[in-house]
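Here are a few notes to read alongside the model. Take them one at a time, with the structure open beside you.

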Amino acid sequence: MIYWHIFLAFFIPGIVGYGGGPASIPLVENEVVDRYGWLSVTEFSEVLAMGNALPGPIATKMAGYIGFQQGGILGAAIGVFATVAPSLILMIILLSVLHRHKDSPKVKRMTNYVRPTIAVLLGVMTLNFFTTAYEGIGILQTLILIIASFILLEKWKVHPAFVIVGALAYGAIFLA
Amino acid sequence: MKQVDLFLAFFRVGMLGYGGGPSSIPLVHKEVVERYKWMNEDDFADVLALGNTLPGPIATKMAGYIGYRVAGIIGMMNAVFATITPTIILMIILLTSLSSFKNLPWVSGMTKAVVPVVGVMLATLTWDFFKKSRNTLGIRNACLIVGASFVLLEVFHFHPAILIGALLLFALVRKDKTRKGNENVEKGGGL
């Protein structure tokens, strides 16, 4: 029974949460705090804070941890599966259909029409990241990190992995 | 070998993507388009567009589909596994052992320092998408759709899925015309 509940608790946010993992956070809270009472609000915010401090997608980290807490390894697996599988299966089916017809002018046009909208979505996301940085560490540190990472990434073509590890080290030393 | 590459590519994406799934978009782009060349820019744009249209976490949708394209069902499971498992294990270990970890100043410092760096990556990706739009649609139509999208998304708070769905539908039902007829119809394309 608990496994069925774990499945439902993460299946619903996975299928209703538009806009990527972070958009599903309030939906997960609704299920695990309000409906099933597995966590208190404080516990939930602790899980969320830890999830934000660690790398990787947020929705699956929460599903994995809360699933593990409620139902062990199997619970974790079910929570993650319920989060990931439904939307992934839909995605594969739709994109496979598109890919089969990728030389048709209609499909080419679809790509062309949607691209500017994606640019806007990415642009807004960029702005959010810069605003968060400014609010968290102030304008000076934000500018230092922006300029340094821009030069490293775009002028010197350093792999993002090294730039991120560098930023982590910088943060541990100078932003602590 | 392909499975090893897939695992490594998405392992790096999972371990370096701070700030949830969306921050891993530029990292996936780097691995899939630039490093391993499993997809070209167009394919990646399609994946991103559809990923934004469908519900659920974006990082695992991208990993799953790209893994599937590169190496079938096993590739799909491999890529999703590589994206999420390392950090889930980390999360379980840390939350069950030392729960004061996140309050350590150097840990929060690390998280904060990564935010502007991801911002820069997203900014360059944004610029890539805009340049590509300009090249395929022309500067006027590209700006038209960018402007209309911005207003609809940010001022009227349309859901992106609705806007993308509408554009896809419009591209699909529009009749194929000769070059001359294009301009008039495309004006309506900005919605």
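Predicted model: local features only at pLDDT ≥ 70, side-chain atom pairs only at ≥ 80, totals over all residues.

1. Which residues line the largest cavity? From chain A they are Leu98(A), Met110(A), Thr111(A), Val114(A), Arg115(A) and Ile118(A), and from chain B they are Ala45(B), Asp46(B), Ala49(B), Leu50(B) and Leu168(B). By type, this lining has eight nonpolar residues, one polar and two charged.

2. Two helices each give at least two residues to that lining: H5 (105–155) of chain A and H3 (41–53) of chain B. The largest share, five residues, is supplied by H5(A).

3. Now to the record. An unreviewed UniProt entry lists "transmembrane region" for residues 7–28, 73–98, 119–152 and 158–175 of chain A. In the model, residues 119–152 of chain A are 100% helix, with end C-alpha atoms 23 Å apart. For residues 158–175 of chain A the helix content is 83%, and the end C-alpha atoms are 23 Å apart.

4. Have a look at helix H6 of chain B, residues 139–155. Its 17 residues reach 23 Å from first C-alpha to last, close to the expected 24 Å. Buried in H6(B) are Asn141(B), Ala142(B), Ile145(B), Ala148(B), Ser149(B), Leu152(B) and Leu153(B). Seen down the helix axis, these buried residues fall within an arc of 140°, so they line one face of H6(B).

5. Following H6(B) comes His157(B), which has a positive phi, near 55°.

Conventions:
Residues numbered from 1 in each chain as written. Chains lettered and ligands numbered in written order. Heavy atoms only, no water. Helix = DSSP H or I, 4+ residues; strand = E, 2+ residues; numbered from the N terminus. Expected span 1.5 Å × (residues − 1). Buried < 20%, exposed > 50% of the residue type's maximum accessible area, 1.4 Å probe, protein only. Arc of directions from axis to C-beta. UniProt positions renumbered as here; feature names shortened; annotations may be inferred. 1 Å grid on protein atoms, 1.4 Å probe; cavity = no way out; pocket = protein on both sides within 12 Å on 5 of 7 lines; lining within 4 Å. Nonpolar A, V, L, I, M, F, W, Y, C, P; charged D, E, K, R; others polar.
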